[in-house]
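Here are my notes from a look through this one, point by point. Keep the structure open alongside as you read.

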Amino acid sequence: MAYTPEEKEEERLGGVQVDREWLVEYVVELEDENQIRMVTILRGAEMADVQSRLYDILRAQYASETRLDVTVVRMEPVDMRTDVALFEIGGTFQP
């Protein structure tokens, strides 16, 4: 199945709530260990869906932990449009 931007635009305009990608940055604090800073991309229609997905991932990944402190630093939808100026320095492409 190929991605067709026109189809996604029709779904958005038609009122269908479509999952989108969210950038989630968070810090995990475990007992007797240093903090672990993580960045991941999760899919969800709303922030509550993304929070629920993050909870499921953390519960599966740290199932043996008795206490787990998590601080979400940033949770924002990923914008499909990019600013070309962010990729150029002095008129030359810089990856």
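1. Start with Glu25, which sits in strand 1. Bear in mind throughout that this is a predicted model. Is Glu25 buried or exposed? It is buried: its relative accessible area is 11%, and the cut-off for buried is under 20%.

2. Now go to Asp32, in the loop between strand 1 and strand 2. Its phi is near 65 degrees, a positive value in a residue that isn't glycine. Asp32 is exposed, with a relative accessible area of 81%, and the cut-off for exposed is over 50%.

3. Helix 2 covers residues 47–61, which makes 15 residues. From first C-alpha to last it reaches 21 Å, close to the 21 Å expected at 1.5 Å a residue.

4. Which residues of helix 2 are buried? They are Val50, Leu54 and Leu58. Seen down the axis of helix 2, they fall within an arc of 70 degrees, so they line one face of the helix. The general rule is handy here: an α-helix has 3.6 residues a turn, so residues three or four places apart point the same way.

5. As for the buried residues of helix 2, what covers them includes strand 1 (20–30), strand 2 (36–44) and strand 3 (68–77).

6. Then there's the largest nonpolar core, with 11 residues. Its members are Trp22, Val24, Tyr26, Val28, Leu30, Leu42, Val50, Leu54, Leu58, Tyr62 and Met75. Strand 1 and helix 2 are the elements that give two or more residues to this core, and strand 1 gives the most, with 5 residues. In soluble globular proteins, nonpolar side chains tend to be buried together.

7. What does Val50 touch, not counting residues up to four places away in sequence? The list is Trp22, Val24, Leu42, Arg43, Gly44 and Met75.

Terms used: Residues numbered from 1 in each chain as written. Predicted model: local features only at pLDDT ≥ 70, side-chain atom pairs only at ≥ 80, totals over all residues. Heavy atoms only, no water. Helix = DSSP H or I, 4+ residues; strand = E, 2+ residues; numbered from the N terminus. Expected span 1.5 Å × (residues − 1). Buried < 20%, exposed > 50% of the residue type's maximum accessible area, 1.4 Å probe, protein only. Arc of directions from axis to C-beta. Contact = heavy atoms within 4.5 Å. Core = buried A, V, L, I, M, F, W, Y, C linked by side-chain atoms within 4.5 Å.
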